[in-house]
Amino acid sequence: MKHSDSKKLWADILMWILPVLLVIPNIVLCFTEHVYRGLDCAVNIVLPLGVYCFLCAVSSKIGRTVLLFFPVMVLCAFQLVLLYLYGNSIIAVDMFLNVATTSFSEASELLVNLWPAVAVVCALYLPPLIAGIVLCVAGIRSGTISRRLATIAGLVLSVASAMLFIIAVFTPGGYRPQRQLFPVNVIANMIYAADRTIQTKRYVCNSSAFTFGAESVRDRDAPEIYVMVVGETSRAGNWQLGGYNRPTNPRLSQRPGLVFFSKALSESNTTHKSVPLMLSHITAAAFGDSIYCSKGIAAAFSEAGYSSAWLSSQKRNHSLIDFFGAQADTTEFIADDGQVHRDGELCARLKAFLDAPGAPKRFVIIHTYGSHFSYRDRYPESYTKFTPDHYSGASAACRHELLNAYDNTIVYTDAVLDSIISIVDAYQVPAALVYAADHGEDIFDDTRERFLHASPVPTARQLHVPMLVWMSGAYRSGYPDKYEGAISNSGKEVSTSRSVFHTLLSLAGVRSSVFDKSSALDRKSYRELPLVYLNDRDEAVGLSACGMGKEDADYFLHARITP
């Protein structure tokens, strides 16, 4: 065989291999997405395979064609890594928004621990890319006969898939390519995510005219302190206060005036949605339409005459959280300096704010890093209570070490919260604190071997979060009905997204046109409502309709939560 023929052979082989590599995610999704019918799976494989074959045969410059397919390869790699991580579902809208709002250091921590999946996708898609570059530079083209065969194959597959597509669309269940066909569905999600990003960028302008009409019903000159602590990635099931069999809350369990809500759920398993929901009066049902033109709780307290502060151990990430934080009189994102900071450092910032000149009434929002992966980096060595806590990677084989490290983060959170309470309590004024985590986490808890959070289909452990209210002695003496109301509601089902905002306004005696007393946990008028989940397309759906499995139903049954 001549040397030129040998090169052309490699070009022909690449022309046939590329379509197969590009449909690998489609094939895998047929096994992971149990809601897909057999007909759906046939369309999902045959249709893109036919299109890819045809496109690869359009030009003899196969090297250039490979490079033009680079964006599709990136989506394929991203999809396969996410399937390795979460076990199912396409790349969701929230995945793109998470990428846009996640710092490089967080992403690096995750990727390092996902090296098996990263290695596989590199092995699949780097060789054809390298070969494409070589063929492109060398000017090597695919053969005419091979191109003709590929064109015929592409046309035959496309015609067959078109017939299958029509049948699938009009049969019961209805095939929806924008939701089911990879990569069409992913591109649709990218467009939706881009729209949300644009709305976020326009937030300041769109929300400028918003007002809560808030005012305090109490003496404006009487000192009071209210603190909202936003936890990160904390699971209710790992809190001693919630019945966990490990002493993860040695300090808070001894703290008087504290009420723990054992059946609290977040309405989202992503930070960029769950935190704005807690910081605002917007419900999950109105999220997509209203969150981008409403202000947050710091603005409400400022209207009511409070000096307000936002203290965060995280970095700004260009999300709504940044804008809500900026609405406070004092705003500090201490990680903006590029250094690693732990949550305990916020205690000194809190003390400094409370000691500084300002209105006698103070409101503080503290956004922590909590139990965000990598767990081992979230607590000082002195809080290593459960060992061994050093893990070699994010795998089920390391679950014992991962769980020990995770529980150590809860021990540290316990200490940080207790320190915050001690600082506030020392002022001997009516004061209260509300803590709730943004979402929970999976740590290889069952046979599904799910890990982390923000999966397109949530799990019970990602939604069941710790929530507590603490009231100082002076507050309990002045407002005993508030403490009794919280105790009476401690065993009820709670949506943190719905109740945190209204509970804080109620505790502080802040009146507003948006206040909902039936959502305030310090009132006996609190009313349980069906729990919902804010899905990937910002639709509020019942927990039973968001795709969770039997393992999640069993978890909710054990926790006595009605999905």
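How many bridges join strand E2 to strand E7? In this predicted model, local features need pLDDT of at least 70 and side-chain atom pairs count only at pLDDT 80 or more, while totals for chains, interfaces and linings use all residues. Residues are numbered from 1 along each chain as its sequence is written, and side-chain values use heavy atoms, with hydrogens and water left out.

E2 is joined to E7 (residues 361-367) by 7 bridges, and the two strands run parallel. Strands here are DSSP runs of E with at least two residues, helices are runs of H or I with at least four, and both are numbered from the N terminus; two strands pair if DSSP finds at least two bridges between them.

Is E2 buried or exposed? Because 8 of the 8 residues of E2 (residues 224-231) are buried, the strand is largely enclosed by the rest of the structure. Buried means under 20% relative accessible area, exposed over 50%, and partly exposed in between, using a 1.4 Å probe and protein chains only. Glu224, Tyr226, Met228 and Val230 point one way from E2, whereas Ile225, Val227, Val229 and Gly231 point the other way.

In soluble globular proteins, nonpolar side chains tend to be buried together.

Some backbone details also deserve a look. Most residues other than glycine have a negative phi, and most peptide bonds are trans. Phe373 and Ser374, however, are joined by a cis peptide bond with omega about 10°, and the bond from Thr387 to Pro388 is cis as well, with omega near 0°. Both Ser374 and Pro388 sit in the loop between E7 and H18. His318, which is not a glycine, has a positive phi near 65°, and its relative accessibility of 68% makes it exposed. Gln428, in the loop between H18 and E8, has a positive phi of about 55° and is exposed at 70% relative accessible area.
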